[in-house]
Amino acid sequence: MNFYFAPMEGLTGYIYRNAHNAFFNNIDKYFSPFIVANQSNSFKTKELNDILPENNQGLVLIPQLLTNNAKDFIHTSKKIKQLGYNEINLNLGCPSGTVVSKNRGSGFLSKTKELDAFLEEIFSQAATKISVKTRIGKDQPEEFYNLIEIFNKYPIEELIIHPRIQKDFYKNKPNLNIFKDALTLSKNPVCYNGDIFTVKDYKKFSTNFCSVKTIMIGRGLLANPGLISAIENNTNLEKELLKNFHDKIYEDYKRVLFGDRNVLFKMKELWFYMIRMFCNNAKYAKKIRKSERLHDYNAVVLSLFREQDILGN
């Protein structure tokens, strides 16, 4: 099985990726949080830092673009190619209201004529291989059957399918009936994405979909960064390893961000997921959320690791 780490805005940037790769080293491809394509001749500093090759050594990174404008995609993809990348991922999955209101991300899925024309233009002038991360529709799951006819027109490097509609966000269950049809209908390679949080989830999915050889995981890996090790080796995440992983991220954020507030904002985002790995975590989660100084944060994190055990897989 090939494992991909899903992009999550504000969470899985290069600092997180480098730490994860250093301590776990079992992800075949990391995908960058989306860059909004445009006609600028330069990237924003934050975007550039995130995809600079020197900030992503020793791992495979696929930059992701968000846009519904073909010329913007083509222009930005050429800049990315100059950095040495040979694959770009198109975001057709983001369910955020601010993204969808501009007919981007999963909002673009409802504009099938425009999407078809967009794909025709970007593939006719492709500077790199292009993969696509998509939901199965905006409003109804059945929209996927029209979408797959469009996708099949183009040499998509990989079709990464999160089988929810935009309106689901991350609620309800992935529509595995639609995904099953996708495996039959797609002329392009298919990767599955959605709700793999535990070894049990993985085993159930892989048993039911034994032909699928690539899985993308996001929230499950943020909660348990050792999930792939558990899947492949049946090993529980060790508390010391998680602590070292946390400390690497924490120290690197302190190195590049200014002020307690900015560092704490990043760490609190991560703990929203990671806290679930600990027994009796409620009071520690509350204290982390309320921390306003690094000193307070340090104290509660040390207490958490000292006093509580990690749950099994």
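A charge is taken to sit over a ring if NZ of Lys or CZ of Arg is within 6 Å of the ring centre and within 35 degrees of the ring normal. In this predicted model, the charged end of Lys-79 meets that criterion over the ring of Phe-43, at 4.2 Å from its centre. The charged end of Arg-135 likewise sits over the ring of Tyr-170, 5.0 Å from the ring centre.

Aromatic pairs number 21. One of them joins Phe-179 and Tyr-192 in an edge-to-face arrangement, with 5.0 Å centre to centre and 75° between the planes. Because Phe-179 belongs to helix α7 (residues 176-185) and Tyr-192 to strand β9 (residues 190-193), this pair ties together parts that are 13 residues apart in sequence. Phe-179 also forms an edge-to-face pair with Phe-209, at 5.4 Å centre to centre and 75° between the planes. Here helix α7 is linked to the loop between α8 (199-208) and β10 (214-217), where Phe-209 lies, 30 residues apart. Phe-179 and Tyr-192 are buried, and Phe-209 is buried too. A single aromatic cluster is formed by Phe-5, Tyr-16, Phe-23, Phe-24, Tyr-30 and Phe-245.

The open sheet consists of 10 strands with parallel pairing, in the order β3-β5-β6-β7-β8-β9-β10-β1-β2-β4. Strands β3 (35-36) and β4 (61-62) stand at the edges with a single partner strand each, so one side of each has no neighbour in the sheet. Two bridges pair β4 with strand β2 (residues 29-31) in the parallel sense, and Phe-31 stands opposite Ile-62 in β4. Helix α6 (residues 144-151) packs on the sheet, where it touches β6 (87-92), β7 (129-137) and β8 (159-165). The direction of helix α6 makes about 170° with that of β7.

Conventions. Residues are numbered from 1 along each chain as its sequence is written. This is a predicted model: local features need pLDDT of at least 70, side-chain atom pairs count only at pLDDT 80 or more; totals for chains, interfaces and linings use all residues. Side-chain values use heavy atoms; hydrogens and water are left out. Two strands pair if DSSP finds at least two bridges between them. Helices (H or I, at least four residues) and strands (E, at least two) are DSSP runs, numbered from the N terminus. Contact means heavy atoms within 4.5 Å. Axes are lines fitted to C-alpha atoms, for helices over the stretch in contact, and angles run from 0 to 180 degrees between N-to-C directions. Rings of Phe, Tyr and Trp (its six-membered ring) pair if their centres lie within 6.5 Å; planes under 30 degrees apart count as stacked, over 60 as edge-to-face and the rest as tilted. Buried means under 20% relative accessible area, exposed over 50%, partly exposed in between (1.4 Å probe, protein chains only).
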